[in-house]
Amino acid sequence: MNPLREKLTKIIEPERISANAEYLDELSWDALSEGRFHPHHQPQLASPLCAVAPISTDEVQKLVRFANQENLSIVPFGGGSGLMGGALSIRPGLVIDLRRMNRILAIDSESRCARVQAGAVLEAVDLALNQAGFILGHDPWTVPVATIGGAISTNSVGYRAGIYGSMGEQVLGLEAVLPNGEVLRTRPVAKHSAGLNLNSLLIGGEGCFGIITEATIRIFPKPEARLFRGYLFASFEQGYGAIQAMFHRRLRPALLDFGDDAEKQGGAILYLVFEGNHELNAVEESQAVALCQANGGKELPRSDAEEFWRERHEIARRFARNRRERRERGRDGIYRDWIHVALPSSKVLAFRSAAQEIVERHGVRLQESGLWVQPELFSMRLGAEDGAVAKPQLALEEAIEELLRLVQHIGGSMEYTHGVGVKLAPLMAEEHGYGLQVMRQIKKILDPNNILNPGKMAL
């Protein structure tokens, strides 16, 4: 028997320990495509030595203590749907596959909260809540694949964040095993003013400061009604004016998806979904319709917005069927990447204009620009390919990096939903300034052996 495996059998049942090459290869990568690396910032990757699948916090704690004793690195693995390389293996070590920790431990209808294990898949949690008359507020494209713990670790944003907030905003309390082997439990309350909120150590921490094992999250009553609207605007600027007017009026659609896809119909399309109370929905929808029309919006068939709603998770289902296809993107000479940045709404249009000049200068194609959830959250999808520009992957990633540095320069943030991982780590110093040193000091105190998800977030 492999010496490492033999030692691990004292902690965990042998059938939940694996050194199968195919399984380890799956766990060594997430949804970051090879073609989205900057050629000058490509990390050195390593194959995991072994994978373990714990079923309890106690087992996770024992594994972390064992890893410290053996000086083995640990990568926590959830759904593997992260887009920034947060689950890539940088050093040979253990992968802790949390997907067997998938139980819904309690649903408290009166308090509108649920306690779930970190490996529970978002879709499974939502279906269970539906039976109790509730929904999960977090609704990203990865719902069929992503786990509760993974979503918290990147503080990701979903389609309906307009009224439910990001995943982190839905967290009440957490249980986690810290890198030193201690278990941290925070109080699952809506508000406290008794020192630092230590949930923030783990929300957006990408598994570097602790392995989340349980979460108490807000849940929401099933909406009484859901209303769909779609509008076509002649330009991005015109549609942006309508969206700004909605937010000045304090309208809050559950879903707001806006973009000017150059590969599809001309102009810019806005999809809106209002959900919740019948009467409030009707009032908000009526005001949104008036503002869209006043800003030149042409109403689209409701069926267009309904189709968008039905198909919003299909990309994740395709990913689940063939993970390797996404990993190998770029090998065909066609490169794709995007930015998801947070900006003051007063700077969005100016940034978009400057970004178009940057993209053109680098010889890459701007395929789409848009907004998600609210005016401040701006996205662009870019592409480059062999034959159209010299060294297309380098040209694309140089353009991306220049765009992100411009965002930082004008007071924005380089990413609002997918986290940092390895891909954006080179820009963390510009993003946080001295704050990065603060994070590194916290990491050093909690993880003196640097075993927990090393090489991520520039820590």
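This is a predicted model: local features need pLDDT of at least 70, side-chain atom pairs count only at pLDDT 80 or more; totals for chains, interfaces and linings use all residues.
Biologist: Which residue meets Arg302 in a salt bridge?

Modeller: A salt bridge is a side-chain nitrogen of Lys or Arg within 4 Å of a carboxyl oxygen of Asp or Glu. For Arg302 the N to O distance is 3.2 Å, and the partner side chain is that of Glu285.

Biologist: How many residues apart in sequence are the parts that Glu285 and Arg302 tie together?

Modeller: Helices (H or I, at least four residues) and strands (E, at least two) are DSSP runs, numbered from the N terminus. Glu285 belongs to helix 8 (residues 278–294) and Arg302 to helix 9 (residues 302–310), so the pair ties together parts whose separation in sequence is 17 residues.

Biologist: In which helix does the salt-bridge partner of Arg361 lie?

Modeller: Arg361 forms a salt bridge with Glu402, and their closest N and O atoms are 2.7 Å apart. The pair links distant parts of the chain, 41 residues apart, since Arg361 sits in helix 12 (residues 348–362) and Glu402 in helix 13.

Biologist: Why is strand 14 described as largely enclosed by the rest of the structure?

Modeller: Both faces of strand 14 are covered, with Ala268 and Leu270 among the buried residues on one side and Ile269 and Tyr271 among those on the other. In a regular strand the side chains alternate between the two faces of the sheet. Strand 14 (residues 268–276) is largely enclosed because, of its nine residues, the number buried is nine.

Biologist: Which residue of strand 14 is the bridge partner of Phe233?

Modeller: Two strands pair if DSSP finds at least two bridges between them. Strand 12 (residues 225–233) and strand 14 are antiparallel and share nine bridges, while strand 13 (residues 255–259) is joined to strand 14 by five bridges, also in the antiparallel sense. Within strand 14, Phe233 is partnered by Ala268.

Biologist: Which strands stand at the edges of the open sheet of four strands?

Modeller: The open sheet has the strand order 1-2-4-3, with mixed pairing. Each edge strand has a single partner strand, so one side of each is left without a neighbour in the sheet, and these are strand 1 (17–18) and strand 3 (73–77).

Biologist: Which residue of strand 4 is the bridge partner of Ile74?

Modeller: Strand 3 runs parallel to strand 4 (residues 93–97), and five bridges join the two. Across this pairing, the partner of Ile74 in strand 4 is Leu94.

Biologist: What is the phi of Asn71, in the loop between helix 3 and strand 3?

Modeller: Most residues other than glycine have a negative phi, and most peptide bonds are trans. Asn71 counts as exposed at 51% relative accessibility. Although Asn71 is not a glycine, its phi is positive, at about 55°.

Biologist: What is the relative accessible area of Met457?

Modeller: Met457 lies in the segment after helix 15 (434–446), and although it is not a glycine, its phi is positive, about 60°. Met457 is buried, with a relative accessible area of 5%.

Methods:
Residues are numbered from 1 along each chain as its sequence is written. Side-chain values use heavy atoms; hydrogens and water are left out. Buried means under 20% relative accessible area, exposed over 50%, partly exposed in between (1.4 Å probe, protein chains only).
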